[in-house]
Amino acid sequence: MPDSEVTFTLNGRPAVAAAGASVAVAALANGVKTFRRSVTGEPRAPLCGMGICYECRLTVDGRSHQKSCQITVLPGMVVQIDA
Amino acid sequence: MGRLSSTSSCKVVVVGAGIVGAAVAEALVEDGHVVTLVDQGPPGAGATAAGMGHVVVMDDSPAQIALTGYSQRLWDARSPGLPAAAERMVCGTLWIAADDEEMVEVRRKAHFYHLQGVAAEVLDAARLYAKEPHLRPGLAGGLLVPGDSVVYPPPIAAAMADVVRQRGGEVLLGKTVTSMSGREVKLADGTAMECDFTVNAAGAQAAALCPGFDIRPRKGHLLITDRYPGYVRHQLVELGYLKAAHETTEASVAFNVQPRPTGQLLIGSSRQYGANAPGVDHQILRRMLDRAIEYMPVLAGLSAIRVWTGFRAATPDKLPLIGPHPDDSRLILAAGHEGLGITTSLGTAALVADCLAGRVPAIPLEPYLPARFLTGVTHAG
């Protein structure tokens with residue numbers, strides 16, 4: 001695998017993303033459409049891409065409600081989406 | 001208490017649309033009285049919005065367990081009629097004992113609850129951790145009171161105000177009351193409302209309308225987290241809470257965490273006298289959160305969404321003022337509920353309604369009569 005790519009775990013399966021990508025971009029590039037659910041069950045996905053709207057939250061390395069647009073994807077990172 | 005009213009239907013003005021005033025107004029319209037409920041803001045926007053909504057039987061005095069126990073039975077009976085927004089959840093209270101000394105208190109408390117007919121279960125450390133695995137290691141045990149519940153109080157106060165309207169009463173919002181007697185309530189806009197009885201349910205501002213009563217604002221902070229379903233299952237309170245609640249001079253904090261039906265956690269609690277500005281006091285907030293994290297270390301990693309404050313209406317003996325003003329028997333007080341106003345709102349409303357109707361109340365009214373604080377005057381009721 002070239003240095004320009006990282007392998008991480010997305011919902012329990014291996015996934016690949018461009019090195020330096022945010023977790024949000026890595027998830028989008030792997031086909032994720034719904035990142036989370038609102039309190040009434042509506043689907044949510046990244047909106048602002050700059051850490052303000054909180055719509056891109058998901059679980060990273062066991063920590064829930066992480067703003068995925070503000071975290072760089074790293075090799076071996078475990079990303080879980082419960083939506 | 002003799003019958004106060006000479007006719008079956010009276011004109012009554014209730015000042016304060018917090019959960020206490022709203023519950024009183026609702027009980028009075030249901031008794032057939034003509035009721036006007038007045039507040040400077042929307043229903044349930046003062047201390048009602050700053051409480052945890054913990055409906056709890058408290059045992060620190062016989063009069064307090066009588067009123068909280070009676071009120072809890074009224075909450076249970078009311079449960080099917082609550083709006084969905086009330087988010088009622090019977091999660092029970094888990095009183096946490098940090099050491100063997102506090103376990104002695106747990107057993108005393110359990111015995112006392114049993115004598116009062118309130119279910120309570122002593123938990124050893126193993127059973128405590130089975131129920132709440134995120135508590136820090138090294139705790140001694142706890143007491144589970146399974147019948148306690150939690151609610152979201154503001155929509156309940158709003159629903160009570162709706163009942164007042166539906167039964168032909170009037171709800172005046174955005175109106176500031178400048179003075180009141182048993183016969184008249186005056187508003188800042190110059191309106192004077194004449195009536196047969198008035199009720200002062202103005203919470204921490206009750207003493208401004210009825211001078212001579214020692215009802216003081218006691219500031220509190222609350223924090224709510226993002227959604228973390230399953231982190232906490234019961235309302236968790238450290239046993240030291242009672243000590244903190246009874247401290248009357250220093251600012252005090254206690255571990256007090258509540259699960260909400262959304263999975264959010266509501267974290268308290270702080271108590272301060274003499275702090276009259278509503279802003280968040282970051283030093284107190286820090287102390288409150290340090291205490292919470294001490295009992296439940298995982299809380300440190302959770303995201304908070306909002307912090308807010310409010311003012312409880314505190315009395316010197318920790319009991320509310322319910323009943324006629326000693327100098328003006330047509331002015332009924334229903335204030336000074338401090339941190340138990342959500343729980344005791346329903347009991348208070350029933351007692352005030354009984355007072356006006358001349359009914360024998362379900363529990364003795366004497367411990368709550370305002371006359372206990374104004375000495376040297378004849379009880380006019």
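This briefing covers chain A, the two domains of chain B, and one helix of chain B. The model is predicted. Chain A holds 1 helix and 7 strands. Chain B is divided into domain 1 and domain 2. Helix α8 of chain B spans residues 282-295.

**Chain A: fold and shape**

- Chain A has the pattern β-β-α-β-β-β-β-β along its sequence.
- Its radius of gyration is 12 Å, close to the 12 Å that the globule rule gives for 83 residues, so chain A is as compact as a globular protein of that length.
- Along the principal axes, the C-alpha atoms of chain A fill a box of roughly 40 × 25 × 20 Å.
- Of the 83 residues in chain A, 28% are buried.
- Take the contacts in chain A with a separation of 6 or more: 36% of them join residues 24 or more positions apart.

**Where chain A meets chain B**

- On one side of this contact are 4 residues of chain A, and on the other are 5 residues of chain B.
- The chain A side divides into 1 nonpolar, 2 polar and 1 charged residue.

**Chain B: two domains**

- Domain 1 of chain B is made of the segments 11-51, 153-215 and 318-372.
- Domain 2 of chain B is made of the segments 89-147 and 216-314.
- The C-alpha centres of these two domains lie 29 Å apart.
- Their contact takes 14 residues from domain 1 of chain B and 13 residues from domain 2 of chain B.
- On the domain 1 side, the touching residues divide into 7 nonpolar, 5 polar and 2 charged.

**Helix α8 of chain B**

- Helix α8(B) has 14 residues. From first C-alpha to last it reaches 20 Å, close to the 20 Å expected at 1.5 Å a residue.
- The buried residues in α8(B) are Ile284(B), Met288(B), Arg291(B), Ala292(B) and Tyr295(B).
- Seen down the axis of α8(B), these buried residues fall within an arc of 100°, so they line one face of the helix.
- The face of α8(B) turned away from the buried side carries exposed residues: His282(B), Gln283(B), Arg286(B) and Asp290(B).

Methods
Residues are numbered from 1 along each chain as its sequence is written. Chains are lettered from A and ligands numbered from 1 in the order in which they are written. This is a predicted model: local features need pLDDT of at least 70, side-chain atom pairs count only at pLDDT 80 or more; totals for chains, interfaces and linings use all residues. Helices (H or I, at least four residues) and strands (E, at least two) are DSSP runs, numbered from the N terminus. The expected span of a helix is 1.5 Å times one less than its number of residues. A residue is buried if 20 or more other C-beta atoms lie within 10 Å of its own, exposed if 12 or fewer, and partly exposed in between; C-beta atoms are placed from the backbone. The arc is that of the directions from the helix axis to the C-beta atoms. The radius of gyration is taken over C-alpha atoms; the globule rule is 2.2 Å times the number of residues to the power 0.38. Two residues are in contact if their C-beta atoms, placed from the backbone, lie within 7 Å. Ala, Val, Leu, Ile, Met, Phe, Trp, Tyr, Cys and Pro count as nonpolar, Asp, Glu, Lys and Arg as charged, and the others, Gly among them, as polar. Domain bounds come from an automatic or database domain assignment.
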